Amino acid sequence: MSDPIKLTVDGREVTAPGGQLLIKAAEEHGTYIPRFCWHPRMKPVGMCRMCLVEVEGPRGKVLVTSCTTPVAEGMVVHTKSDVVKKAQEGVLEFLLVNHPLDCPVCDKGGECPLQDQTLSHGPGESRFVEEKRHFEKPIAISELVMLDRERCILCARCTRFSDEISGDPLIEFIDRGNHTQINTFPDEPFASYFSGNTVQICPVGALTATPYRFRARPWDLEAVESTCPQCSVGCRVSVQASQNQVLRLIGVDVDATNQGWLCDKGRFAFEHLRAPARLSTPLVRGADGELHEAGWGEALDLIASRIGAVIAERGPAAVAGLGGARSTNEEAYAFGKLLRGVLGTGNLDASLGDDPGAALLAGVPHRATIDDLERAKTILVWGPDLKEELPVLHLRVRRAATALGADVVVVHPRATGLDRDAAHVVRYRPGEGAATLQRLAAGEGDLAAVRAALDTGPVVAIVGRTGLAESADLADAVAAFALTLADAKVMPVARRGNVLGAIDMGVHPHLLPGRVAASDAAARAALAAAWGCAVAVPGRDTSGILSGMADGSIAAVLLLGCDPVADHPDRKAAAAAFDKAPFLVSLDLFLNESNRTADVVLPVDTFTEVEGTMTNLEGRVQKSNRIVPGVGASRPVVEILEDLAARLGGSIGAGAAAIAKEIALVAPAYAAVSWEALDWGRGRDGIVVAEGPFTHTPERRATDPSVGALTLHLGRVLYDGGTMITAGPSLARLAPEPAAHLHPDDASRLGFAAGDRVTVTGNAGSAAMAVAIDPTLARGTVYLPFNLGASIGNGLEVKVEK
Amino acid sequence: MTDRILTVRMEAHPTDSHTMARYEATGGYAALRKALAMKPEDIVAEVKASNLRGRGGAGFPTGVKWGFLAPTRPRYLVINADESEPGTFKDRQLLERDPHQLLEGIIISSFAIDAHHAFVFVRGEYPRSARRLQQAVEEARAAGYLGRGILGTGFDLDVTVHLGAGAYICGEETAALNSLEGRRGEPRIKPPFPAVAGLYAKPTIVNNVETIANIPWIVMNGGAAYNAIGPEGSRGTRLLSLSGHVANPGNYEIVMGMSWRDLIFGIGGGIPNGKALKCWIPGGASAPWFTPDLLDTPVTLDDIAKNGSMAGSGAVVVMDETTNVVAAAWSIVRFFSHESCGQCTPCREGTTWLQRILERILAGQGRPSDVDLLLDVCDNISPGLRWPPAQTTICPLGPSAVSPITSIMKHFRDEVVAMIPGAVTAGV
Amino acid sequence: MTWPDTTLARARDIIARYPEPRSAVMPLLYVAMRHDGRLTDEGMRQVAALTGMTAVQVESVASFYSMYKRHVGSHVVSVCTSISCHLLGGRDVLAAVSDATGVPAGETSADGSVTIESVECIGACGGAPAVQVDYELIEGVTPDKGAELCRWLMTAHPEVVHGDDLQTRFGGRRSFPAGPPDPVGAMGPYPAFGPLGTTGGEA
Ligand SMILES: Cc1cc2nc3c(=O)[nH]c(=O)nc-3n(C[C@H](O)[C@H](O)[C@H](O)COP(=O)(O)O)c2cc1C
Ligand code: SF4
Ligand code: FES
């Protein structure tokens with residue numbers, strides 16, 4: 001957009017950036033021009049013709065669509081002339097010619113732009129006396145989306161979204177002219193990870209979401225703005241509820257993160273909130289070895305006495321805490337303060353060994369923001385398949401590649417969602433990452449062009465674990481390489497919602513709140529002064545805690561919303577640790593593989609039920625808000641922890657609001673963060689906390705192990721076996737069957753065909769599954785989706801046998 | 001003075017005018033040799049000087065259009081052979097009977113605009129045209145007129161004959177480009193114009209078959225010679241398609257400026273079966289109709305426009321006194337409804353609505369309010385019902401459906417009203 | 001890939017005629033029709049695979065045009081009813097054709113031999129009323145000749161139809177002198193054009 005220009009709208013002179021679309025310029029100056037097809041995040045198509053206005057030209061006034069007309073110096077525009085009004089009424093009448101007018105039974109009724117504009121700009125009654133266009137209604141075009149073609153006004157918002165924004169064009173216009181309809185291909189449903197966005201942007205009730213259909217009328221809904229906790233992108237959402245039940249999530253358009261979009265996991269996972277399996281009372285293991293419902297007093301007394309006993313007998317180093325990455329910052333802070341201050345142990349970790357390492361996450365220099373992607377010329381993605389793990393970040397990178405002209409370089413063992421739009425794709429076999437990096441850095445052979453591309457800055461390097469069988473050292477090495485590029489910034493990524501926030505809150509053996517090194521005695525002393533109690537010295541991280549559980553040196557473990565047996569890459573080690581069953585307390589929503597053996601399970605309030613903040617992968621702190629109560633006897637984590645602290649003779653603070661204020665005092669990077677500053681409407685973009693004081697210098701330490709004929713690529717898929725997915729009816733059925741994916745050459749060498757049942761053996765066991773053929777896979781690689789039930793461990797070496 | 005340019009060869013050599021042998025034997029490809037020795041910009045200058053206007057419908061000056069090309073490369077030439085406007089069948093004759101004439105024009109035009117790939121978009125219902133052109137392309141390639149290093153120069157050119165699949169709207173130039181890109185044939189919003197961002201978003205010239213078929217003659221004889229033929233604003237010759245209630249239907253290459261009377265009653269042989277002339281469409285189904293009071297006005301682009309219609313694609317459709325004008329208008333409205341791409345609400349819904357009102361009237365179920373309703377629906381597609389038409393749509397297809405209705409309402413309102421039970425004829 | 005190698009080779013030749021594979025979708029849809037006798041889901045999937053489109057994108061393109069037909073007999077008889085043919089009796093030809101075959105416009109005879117359709121202008125207005133059989137043109141068709149043409153199609157089951165041959169047997173006045181006969185004929189309800197592999201060769 002170029003320099004500001006002046007134009008006249010309805011007789012008023014206004015200023016707008018040259019090249020801005022008239023519809024937007026007018027709106028910014030208070031003149032709303034009606035529209036259906038135009039959407040600010042997509043290319044205009046000028047199809048519905050609702051936004052017609054008159055522009056004065058050399059040959060008199062001309063009707064133009066304001067959504068396709070850029071403003072120009074001296075332009076004279078009429079948005080309310082008689083001709084404009086007549087044209088707009090005409091368009092509306094045409095739209096209603098074939099519209100069923102079934103508003104009373106339509107989900108969109110009450111928030112329908114067609115309904116609204118008919119009231120404000122439409123003709124009185126229809127002069128159309130013929131039979132309307134009929135279609136079978138509604139039809140399911142995916143597990144999540146229903147389509148009513150009679151209501152459709154053919155604005156192409158959904159088709160443009162799926163083609164232009166999400167890049168999976170599975171819905172399209174079929175037929176021509178007056179027979180045109182939206183549809184999917186027979187037997188190819190609209191199975192997009194982003195399908196819910198089309199429901200959100202459909203201007204009528206043609207596309208509706210199965211989880212919301214007929215659940216509520218818009219005027220009965222209350223709404224609160226919040227932050228999606230499903231991954232670390234931190235999308236802004238509007239949470240909408242009625243009668244104490246969350247009914248839907250709507251993406252909120254902010255430049256900083258999601259630009260209005262959500263992935264379907266983020267949009268629909270709320271169903272788990274009222275899942276029947278959700279815990280609603282404390283559970284205490286009885287003498288019979290079973291978990292029984294208990295009162296809060298009983299449960300907390302038991303925890304306090306057992307942990308008190310462990311500390312008395314074996315010292316605080318026998319106590320540990322895991323988790324916090326799904327919690328708010330306030331909850332994580334409270335958890336850290338309870339462990340480090342009240343209980344006196346430095347054994348605590350929010351990171352489960354499945355991310356690129358807390359040091360890189362929290363301490364990377366030159367950290368990129370998501371918005372840096374808007375300006376990047378080159379984007380290196382050497383990490384997870386973003387579409388599977390951080391879907392809306394995938395959309396932002398895709399936008400950079402397809403709409404903003406950035407060159408994307410993808411390095412991954414198999415095809416990722418970005419490959420089609422990437423300028424360069426590098427395939428490598430897990431276990432050969434360090435060598436691949438070396439060749440890339442040197443620009444050897446076929447990688448010369450890739451290396452050359454990386455010399456065009458600004459560069460954003462998105463770095464993370466491509467899979468869980470590879471060591472986190474590789475991500476560190478890639479980050480180190482990226483930092484050698486001129487004009488480069490690094491974005492270390494981990495999937496779990498608030499993992500960076502929890503680390504920032506000090507849920508890490510080596511970091512105090514605010515990214516302060518825990519080894520720094522002065523810092524510990526300062527914190528001790530603020531807390532009014534001693535601050536424990538650094539202790540064990542997750543693997544240390546797991547081995548401590550296995551060897552008996554850890555005797556009591558607190559789990560805060562975390563399931564290491566399912567989520568730790570080395571599931572065998574995690575399972576072995578939990579089999580030893582030290583005294584185990586779990587604060588969670590559901591029973592899971594880890595807390596099945598717990599002594600006490602405490603039901604907690606969660607997203608939509610508590611107020612707090614979260615920190616996304618950029619270090620952007622955003623607010624989460626409460627709109628519904630928890631279920632049954634569930635309570636906010638901070639209150640539970642405070643009650644527990646009190647029973648153990650300490651205190652962590654009374655309530656999340658007080659804790660938030662304390663964070664601003666003790667965590668230097670968070671000094672500017674307050675709930676007020678982040679409030680709905682004001683602090684929409686959140687606050688990106690400053691880097692440091694802890695910094696980490698990434699190093700090229702990664703070396704490649706010597707590996708056998710087949711190595712394991714353990715990647716994640718969006719709909720996996722996680723509880724948020726499996727607990728809600730809509731998403732649970734979308735999880736794919738686990739399969740062993742092989743390159744066709746490997747499959748034929750080994751004599752396997754697609755569908756053959758095989759046994760896959762890794763370092764931690766064997767699992768039976770079907771073979772799937774994947775020509776995009778690096779040769780010599782077996783790809784297994786992680787966390788889909790079949791656990792064989794995370795060693796690189798695998799065997800596949802009949 | 002020359003009075004025929006395009007149809008001389010096919011008439012003199014009815015059995016083989018389409019072959020390379022005959023084409024070369026009658027002076028073919030001499031213009032190409034001459035052009036390849038010229039500077040491209042000089043060819044463009046000759047075309048400008050000729051005042052050749054496009055024969056696809058809009059009548060835009062060809063040389064001026066070529067001058068709008070954005071400097072970027074590659075550039076493309078697209079020949080519009082989608083000829084689908086009801087009443088029009090002239091391009092088919094040029095394709096079937098003298099494909100090398102068009103091909104030579106394509107090669108020269110591509111050289112002039114620095115295009116190295118040209119596409120000919122032939123409507124799917126013209127397989128014979130496509131076959132004849134494809135054969136010409138193969139002959140020309142074998143003879144060194146196409147391919148790499150044409151006639152020993154450094155100029156390379158590929159020509160792809162592309163077959164459409166039944167969609168009138170692909171005649172609209174940007175719809176043709178979408179179709180060539182493998183998309184639905186939906187018109188694009190202009191600007192950008194194809195000369196700036198056309199095929200694959202690259203600078204592209206779209207010209208009609210007949211337009212480009214004139215290029216070899218212009219290069220051989222000079223722009224000034226062409227500009228000396230015919231009246232100002234309608235230079236050169238023009239191939240008109242005459243059809244309907246006329247004794248001698250067919251394509252006629254004429255110099256413009258004769259009267260409608262000379263055309264319909266002279267060349268056309270008048271109305272058969274001793275019937276009287278009722279009205280005619282002067283320029284294809286999109287054009288407003290003329291009535292006998294205009295018989296003595298000249299057939300030129302400007303005069304037709306002045307009289308409230310357009311020369312369009314050169315299709316003259318004659319209707320005799322027995323014609324049921326409501327049924328005739330319905331046939332045309334139905335055509336546009338069938339051919340609407342469906343993007344624009346007013347065109348998609350409006351043309352179908354108009355069709356259905358007319359169907360009701362034809363079935364004897366018209367309502368007295370239908371006369372006003374027809375005109376108001378038209379007004380919502382083409383506000384003010386003026387000429388040249390305003391439009392609430394992206395392309396002129398929607399407004400084209402308005403022409404037959406405003407025509408019958410203007411000239412034959414009583415006949416329309418008489419078909420509607422209970423409606424009162426004005427003035428009675 | 002379900003197409004035989006020769007068809008795939010033809011498809012690759014066609015793709016090579018365009019700067020981008022997607023541009024080949026229209027000719028490839030004809031190739032798909034030639035392969036299956038009509039447009040099928042499988043054919044569209046095949047075209048999608050060859051052009052890098054999704055199947056529904058291919059269907060979106062295919063369904064925009066009227067000549068890619070999912071439901072069609074061995075031959076398609078297209079009777080023009082646009083303005084010039086309308087004025088000169090095109091609707092009578094259509095009625096006669098429907099009567100003779102027992103097939104209403106838009107439908108296919110029970111034996112699958114012919115599909116009858118009413119179409120918009122086919123560029124033969126000077127020879128109105130006009131009819132096409134598999135896009136081979138016959139001009140100056142009377143209702144009787146139209147009916148005769150259909151009866152012939154349904155009994156003789158010609159493998160190839162030639163425009164000039166049909167014109168001689170069932171046609172009348174032409175829009176313009178046609179020049180020498182064209183030896184090529186159509187092999188099914190799609191246009192006969194060399195690059196598509198749909199030409200019937202010498203009569
Ligand atoms: C609905 C519509 C249909 C058209 N059909 C044709 C056509 O069949 N052939 C053609 O040459 N131009 C057609 N045109 C005009 C083209 O858009 C374009 O103006 C023309 O091909 C340019 O070539 P010219 O400058 O040589 O006339 C059509 C335009 C519209 C709006
Ligand atoms: S006016 Fe009709 S044909 Fe033209 S773009 Fe709009 S919908 Fe398509
Ligand atoms: S909003 Fe501008 S045409 Fe639809």
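This briefing covers the chain interfaces, the ligand sites and some backbone details of the structure above. The model is predicted. Chain B and chain C bury about 4,800 Å² between them. Chain C and chain A bury about 1,200 Å². Ligand 1 has 18 residues around it, and ligand 2 has 13. Over all chains the salt-bridge count is 88.

**Interface of chain B and chain C**

- Chain B brings 67 residues to this contact, and chain C brings 56 residues.
- Carbon and sulfur atoms give 57% of the buried area of about 4,800 Å².
- There are 5 salt bridges across the interface.
- One of these salt bridges pairs B:Arg334 with C:Glu120. Their closest N and O atoms are 2.9 Å apart.
- Polar contacts link 31 residue pairs between chain B and chain C, counting pairs with both residues at pLDDT 80 or more.
- Helix H15 of chain B, residues 325–339, gives the most to the side of chain B that touches chain C. Its share is 9 residues.
- On that side of chain B, 28 residues are nonpolar, 24 are polar and 15 are charged.

**Interface of chain C and chain A**

- Here 14 residues of chain C meet 15 residues of chain A.
- The buried area is about 1,200 Å², with 57% of it on carbon and sulfur atoms.
- Three residues, C:Val56, C:Ser63 and C:Phe64, supply 37% of the area that chain C buries against chain A. That is more than any other three residues supply.
- The salt-bridge count between chain C and chain A is 2.
- C:Arg45 and A:Asp187 meet in a salt bridge, with 4.0 Å from N to O.
- Helix H3 (41–51) and helix H4 (55–64) of chain C each supply at least two residues of the side that touches chain A.
- H4(C) gives the most to that side, with 7 residues.
- The side of chain C that touches chain A holds 5 nonpolar, 5 polar and 4 charged residues.

**A salt bridge between chain B and chain A**

- B:Glu349 forms a salt bridge with A:Arg133. The closest N and O atoms are 3.3 Å apart.
- This pair crosses between chains. B:Glu349 sits in helix H16 (residues 345–362) of chain B.
- A:Arg133 sits in the loop between helix H3 (113–121) and strand E6 (139–140) of chain A.

**Ligand 1**

- The closest of the 18 surrounding residues are B:Gly56, B:Asn80, B:Asn207, B:Asn208 and B:Thr211.
- B:Asn80 places a polar side-chain atom 2.8 Å from an oxygen atom of ligand 1.
- B:Asn207 has a side-chain N or O atom 2.8 Å from an oxygen atom of ligand 1.
- B:Arg55 uses its backbone: a polar atom there is 3.2 Å from an oxygen atom of ligand 1.
- The protein covers 90% of the 610 Å² of accessible area that ligand 1 has on its own.
- Strand E4 of chain B, residues 204–208, gives the most to the shell around ligand 1, with 3 residues.
- The shell divides into 4 nonpolar, 8 polar and 6 charged residues.

**Ligand 2**

- Of the 13 residues around ligand 2, the closest are B:Cys341, B:Gln343, B:Cys344, B:Cys347 and B:Cys395.
- This shell has 8 nonpolar residues, 5 polar residues and no charged residues.

**Backbone details**

- The peptide bond from A:Gly692 to A:Pro693 is cis, with omega near 5°. A:Pro693 lies in the loop between strand E30 (687–688) and strand E31 (711–715) of chain A.
- In chain B, a cis peptide bond joins B:Arg73 and B:Pro74, with omega about -5°. B:Pro74 is in the loop between helix H5 (62–67) and strand E1 (76–81).
- A:Asp175 has a positive phi, near 65°, and is a residue other than glycine. A:Asp175 is found in the loop between strand E8 (171–174) and strand E9 (181–184) of chain A.

Technical notes:
Residues are numbered from 1 along each chain as its sequence is written. Chains are lettered from A and ligands numbered from 1 in the order in which they are written. This is a predicted model: local features need pLDDT of at least 70, side-chain atom pairs count only at pLDDT 80 or more; totals for chains, interfaces and linings use all residues. Side-chain values use heavy atoms; hydrogens and water are left out. Contact means heavy atoms within 4.5 Å. Buried area is the accessible area (1.4 Å probe) that two parts lose on being put together, summed over both. A salt bridge is a side-chain nitrogen of Lys or Arg within 4 Å of a carboxyl oxygen of Asp or Glu. A polar contact is a pair of N or O atoms within 3.5 Å; within protein, one must be able to donate a hydrogen and the other to accept it, and residues adjacent in sequence count only if both atoms are side-chain atoms. Helices (H or I, at least four residues) and strands (E, at least two) are DSSP runs, numbered from the N terminus. Ala, Val, Leu, Ile, Met, Phe, Trp, Tyr, Cys and Pro count as nonpolar, Asp, Glu, Lys and Arg as charged, and the others, Gly among them, as polar. A residue is near a molecule or strand if one of its heavy atoms lies within 4 Å of it. Accessible areas come from the Shrake-Rupley method with a 1.4 Å probe; for residues, only the protein chains shown count as cover.
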